[in-house]
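These are my notes from one sitting with the model. I list what I looked up and what came back.

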Amino acid sequence: MVRIIRKVYKNFQQSSVVLKFFIINMLFMLLLSSLLIFIHNFINQTAHQQMLHANETFLKQFSTQFKGDWLTIKNAVFKLGSSLDTNQINRNQTFDSNYYLAISKYKSKTNEINLQLPFSAQISTYFPEKDLVIGYDGSSSLEIFYKTLADKNGAETCKCIHEGNDAEQIFSLPKTMIYTYRMYPEGSIFIQINKADLIAYLKDATMLLNNDIVLFDKNKEVIVSTAAYSESGYANNNDLSVNNLFPKNGQYTAPEGTFGLFSYSVLISDSTIKDSLRQARTFSVILFAIFTVTNIILVIVNASMFHPLRKITKTLQSALTTSTKNEYDIITNKINELHTATGTMKQTLNEQSNIMEQNMLLHLISGRHYKSDPTLLHSIQQKFDSYIVIALIESTNDGKYSDKAADLLAQWLEESHLFYRLPIHAATHTFIVQSTKDGYMAQKQQLEELLQQNFSYANAEQFVILCGISAVHHKIEQLVTANTQANQAIMKHRVQFAEAIHVLDFKPKYSQTAAISQLSMDKEQELINYTLKGNKDAIELFFEKTILKAQPPHTFEQAKNILRYLHDLLYVIMNSKKINDSDIGIDHDLYIHSFNLPYLYEQILKGYLYIAEQNALPSSLLMDQILEFIQTNYDNPDLTLTYVADHFSITHVYLSMYFRKNADTNFNHYLHRVRIEQAIKLIETKPDLAMKDVAQRVGYSNVGTFIRHFKKISGTTPAQHHKFQNLDK
């Protein structure tokens, strides 16, 4: 390289002055051209950034508008699912005369809701016990509902919309998008949205900036788009970017946003940007032509000024001698930059390989049909010839999701483990970790120590961390099974509310554990009575026995389902009492997604106690009513603790505790004392009555029982008392 530079310099020294000036002028022209190219690129980049900024601002505005409309739909679904009308249809029998009246009323209510929904959405409710779907077009069986749906979409549809355990799901059909909400304990609400109406909504939003919007589901599959897209983008490409999905429309820049079950992208066509920059390019070309002509004129002028410029030439020769070393340093720096660029390229290729592997693992763990690359699959199998899946759920003391423990786990795994972190669900952090049967228990113990050391404050602040670990697997095709085991380790373990951190391994018996623990109708009525009668102590005792001290203890999944049921029942009571959410301070929408059971327990209990406090009677007033009832009905032989409890809509256990607390004696002793006092009055006022008649008049059907209690309370038998009464006379 040095020789070449020296040779060029020597030839330059030996060249004529005119040639030297020509070369210098050409260098000057190249310098000016480079400056023009720089200005051209700067203008392009600035304009592109401004357009991108405008579309990102549009995306934020659209996100706010779309969230508001979607929350309107969710609130309508939630209120319908927890309404008394829905509960009434579930409980009525088909032969009941009120059953069809309830269906007619429910249809009218459904039509009223439909008029208020955005996107021209239509709502339907499925009642599995009745095989009944009630919607805007009337009522029908589930089979007819699916047939109607197939006719609308021009093709057979999957008859699985009503299935699944997720609280919320999105189904995309050829002409219809369906949002499903699963009611507790069974049943579903369907929201049908015509894709043509949704596209019209999106086009109206994009009219100003002339861009396009693509709406995806949580699996990154297109639901609707204002731009035509290619279905082959899913089958033939691992990279589901917008430029693969929309190949006919050129390249795109795509700002993205997410909301709940959706994500969306704003497509900015690069061709549109190019059109807007055409004038800038034209201006640059004109400037380049002007500078070129100027340099040619300078060459001609310099050629005519040969002699005056000889001195300048000598000056340039001395300057070039000094610059040779500087040029060598520049070339050396360029070579070093090339080496650096090569290393960066290798790093980029590794990152791309990791992205492709992660994308394949996401498809494998989701269980969807996926045409995998055998070479890539073999590479992953070589890395994870023995592995486990770790599912991590963490929730703060206000019931919201957190990433602290997941980030800590990822940092710990980077030190000594081969792993991938997969973004499957917002609430659950999923890790695929290389492991062996021999090292499994050591990994579990280390993980538990890591969480205990770094989150020692979790118990005090109600910060919940649930970590489920699958069994060790050896085939990457078993990823779905491993992921299910990790999640079952969390959902099927027996709940201990006092512990905040749980590191749980999968047990085969979990697959036989029921997901739902039913609350009987009697228990439901008992809780409603406590709430409407204002018995706060009884409500706290009910919650403690039903959830905290249940025998056997509930699994996490069962406890969450019972809390959801109690939450829905609370919402029904709130609606009947016209109590607003803000009065109690409960975030009903947050409940569906929260995994912090202690937080949910406190929030729901707080709601019941608030309503009970609004309906509570003074303790003395209730006691006076009970005593008055006994005084009035003491002659009824069926008057028992249970009889009185049923009359006042409380349990006999609560009545027994309440009576002893406020009367300083138990219920039975007080009842016998009242009856014997009345018997003494009868003996004194009507001495001719037989003891059998006296016993019956004060509520005793058995004379022997009457005599025994008479002697126990008065100290004498009825006959002795009668005799003493006659002696006094």
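In which strand is the place of Gln169? I found Gln169 in strand S4, which covers residues 168–172. The model is a predicted one, and I read every entry here with that in mind.

I then listed its contacts, leaving aside neighbours within four places in sequence. The list for Gln169 reads Glu163, Gly164, Ile178, Tyr179, Thr180 and Leu261.

Entry on cysteines. I searched the whole structure for disulfides and got one. The partners are Cys158 and Cys160, with 2.0 Å between their sulfur atoms. I also looked up the torsion about their S-S bond, which is about 140 degrees, so I noted the disulfide as right-handed. Cys158 has a relative accessibility of 46% and therefore counts as partly exposed. I looked up Cys467 as well; at 0% relative accessibility, Cys467 counts as buried.

Entry on a helix pair. Two packed helices are described by the angle between their axes and the distance between the axes. I took helix H17 (residues 521–533) and helix H19 (residues 556–576), and noted an angle of about 45 degrees with the axes 12 Å apart. Because of that angle, I recorded H17 as oblique to H19. The crossing of the two, H17 and H19, is right-handed.

Which residues make the contact? From H17 I wrote down Glu524, Leu527, Ile528 and Leu532. From H19 I wrote down Tyr565, Leu566, Leu569 and Ile573. Sorted by class, the contact of H17 with H19 has seven nonpolar residues, one charged residue and no polar ones.

Entry on His647. I placed His647 in helix H24, which spans residues 641–647. Its relative accessibility is 46%, so I put His647 down as partly exposed. I also checked the separation of His647 from Phe629. The two residues are 18 residues apart along the chain, and their C-alpha atoms are separated by 9.5 Å.

Conventions:
Residues are numbered from 1 along each chain as its sequence is written. This is a predicted model: local features need pLDDT of at least 70, side-chain atom pairs count only at pLDDT 80 or more; totals for chains, interfaces and linings use all residues. Side-chain values use heavy atoms; hydrogens and water are left out. Helices (H or I, at least four residues) and strands (E, at least two) are DSSP runs, numbered from the N terminus. Buried means under 20% relative accessible area, exposed over 50%, partly exposed in between (1.4 Å probe, protein chains only). Axes are lines fitted to C-alpha atoms, for helices over the stretch in contact, and angles run from 0 to 180 degrees between N-to-C directions. Angles under 35 degrees count as roughly parallel, over 145 as roughly antiparallel, 65 to 115 as roughly perpendicular and the rest as oblique. A crossing is left-handed if the near helix is turned anticlockwise from the far one by less than a right angle, and right-handed if clockwise. Contact means heavy atoms within 4.5 Å. Ala, Val, Leu, Ile, Met, Phe, Trp, Tyr, Cys and Pro count as nonpolar, Asp, Glu, Lys and Arg as charged, and the others, Gly among them, as polar. A disulfide is a pair of cysteine sulfur atoms within 2.5 Å.
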